[in-house]
There are 2 protein chains.
Amino acid sequence: MTAFETDLMAVAGRVEPALADLLAAATPEPGRVHAAMAHAVLGGGKRLRPYIVIKSADLFGVSEAQAMRTACALELVHCYSLVHDDLPAMDDDALRRGRPTVHRAFDEATAILAGDALLTLAFEVLADPATHPAGAVRAALVAELAKAAGAAGMVEGQMRDLTAEGRFSDDGRPLALGEEDVLALQGMKTGALFCFAATAGAILGGASEEDRARLSRYGAALGRAFQIADDLLDEEADSAAMGKETGKDREAGKATLPVAIGIAAARRRLGAALGEARDLVTVFGSRADALTAAADFAGNRSS
Amino acid sequence: MTAFETDLMAVAGRVEPALADLLAAATPEPGRVHAAMAHAVLGGGKRLRPYIVIKSADLFGVSEAQAMRTACALELVHCYSLVHDDLPAMDDDALRRGRPTVHRAFDEATAILAGDALLTLAFEVLADPATHPAGAVRAALVAELAKAAGAAGMVEGQMRDLTAEGRFSDDGRPLALGEEDVLALQGMKTGALFCFAATAGAILGGASEEDRARLSRYGAALGRAFQIADDLLDEEADSAAMGKETGKDREAGKATLPVAIGIAAARRRLGAALGEARDLVTVFGSRADALTAAADFAGNRSS
């Protein structure tokens, strides 16, 4: 295990009880909604988005307590999106991180409600004075997370993803998206939350507009690398298993960069995204080592 | 039409374009998510919750622009809850206000996403400096609306409603809830948003804790009256049609006060709730006439 992976796991070990505490405080009694929320949120995940919040907050001397609450709010939004995306009406997934998805472990109604409650709780956490003493900072966090998650961000990205699969066309055939369309889609579906992760620390720490913009671009580049790596893994896992260069994303008509421009070109775009992420944070010197390592990790995953 | 109904309709006429403007600003282009959000939000409804926000804000000299944004945020949350509650996995309703529900007009995935986007947009609207110059006020509005809508409020109320129907019991038989259980359930499912409606103006206007608590209790009483009136209408519509004292709520195992304690006792509770609502705002004198009339309207509806 690399030093980065050790650190990532250590942070994840602190995120887990913080999430559990927030869930416990948010529900009046340990009923069905609570159980489904806990199933969705606890016991797994690399917690990469929280890690980026915490490490970018470190650049500006933000307390871990403030950074942790913000990191947890973001993770709640990420987990809600997984619960809803897994639903039968969306991607219809039975397993997530090796466990039954929420609608399988409970039922569809409970999964919809638990997702709604997680999304709502994220904003409640950010708006609480414990997250930051200045109301304007709390409101800015709420506004930025809402923009990243909503109809101009993650929700729109998921809708375009479903549309690209041909879900809403008369013949049900996937659309052939070009590189720009794929990047725009993934920038909304995946990139927007990574942008929030990287800028939240700057908002908490009262950083300059310049630093905030720089970190937003770092988050976008990291998100791009993360998604291309994911799509390449799908292609390659399938290549190895089936002896041909088409993955299950390709067959499902998923909008991916390897499908749009080919594997070799996608690999070059991945390298460029990682270089961009690295360059953007060199200004912070060695204090940004964790952010650089996080980008490399996101872009070079083997799982 | 009464003077109150004329005023309610006039306010609804101003809420409608304000909602349309917020939707237009929130979506990057008029795509499928936007169309589904607009279908859910525009072109109907009495806008009783926005009316209460605006009239309670009037008590504290809040500008109509601030009150209107807050009123619209609340209406977005109300509309999201209708979209998700109507889904096949929940109440499986085909019609809403005489038009197809969102999942019928579009599809289930789009309805889930549009609901998610409406909920998210509500918090974005509240957190925007246009809603109030003080960040602490904006954050307080976000926190209060999140509490009202989330796992200790509306979401938990809907979960208990589904549970009461016997949805999650082995034999699928409805539970027999007592009066306290029904009131607690409806206080979360319906009452919490009315409490927010009545207190939001006090938050915007920097009212005293005493006035805020008073208006919160007014909102709770109004919400109770609203729900009992709704449940009585169901019983009576059915009584007239079928010549017996059991409504479709009763057959569906819905948790209602007429089912729990009988029609006559429920009618007495309705009268008491209206008296309580009226008493709570007498301290504001004639300036609270609109709030008194709103409670009477909520409790004496014939549709």
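Helix 6 (residues 108-127) of chain A packs against helix 6 (residues 108-127) of chain B at an angle of about 20 degrees, with the two axes 10 Å apart. Axes here are lines fitted to C-alpha atoms, for helices over the stretch in contact, and angles run from 0 to 180 degrees between N-to-C directions. Helices (H or I, at least four residues) are DSSP runs numbered from the N terminus. The model is a predicted one, in which local features need pLDDT of at least 70 and side-chain atom pairs count only at pLDDT 80 or more, while totals for chains, interfaces and linings use all residues. Residues are numbered from 1 along each chain as its sequence is written, and chains are lettered from A and ligands numbered from 1 in the order in which they are written.

Helix 6 of chain A and helix 6 of chain B are therefore roughly parallel (angles under 35 degrees; over 145 counts as roughly antiparallel, 65 to 115 as roughly perpendicular and the rest as oblique). Their crossing is right-handed, meaning that the near helix is turned clockwise from the far one by less than a right angle. The contact is made by A:Ile112, A:Asp116, A:Leu119, A:Thr120 and A:Phe123 on one side and by B:Ile112, B:Asp116, B:Leu119, B:Thr120 and B:Phe123 on the other. Residues are in contact if their C-beta atoms, placed from the backbone, lie within 7 Å.

From helix 8 of chain A come A:Val155, A:Gln158, A:Met159 and A:Leu162, and they meet B:Ala109, B:Leu113, B:Asp116 and B:Ala117 in helix 6 of chain B.

Over the whole interface, 44 residues of chain B are in contact with 44 residues of chain A. Helix 2 (32-41), helix 6, helix 7 (135-149) and helix 8 (154-164) of chain B each supply at least two residues to the side that touches chain A. The largest share of that side, 12 residues, comes from helix 6 of chain B.

How is chain B superposed on chain A? A rotation of 180 degrees with 0.0 Å of shift along its axis does so, with an RMSD of 0.0 Å. That is the relation of a two-fold axis. In chain B, the C-alpha nearest the axis belongs to B:Gly135, 2.1 Å from it.

Definitions and conventions. Contact = placed C-beta atoms within 7 Å. Least-squares fit on C-alpha atoms with pLDDT ≥ 70 in both.
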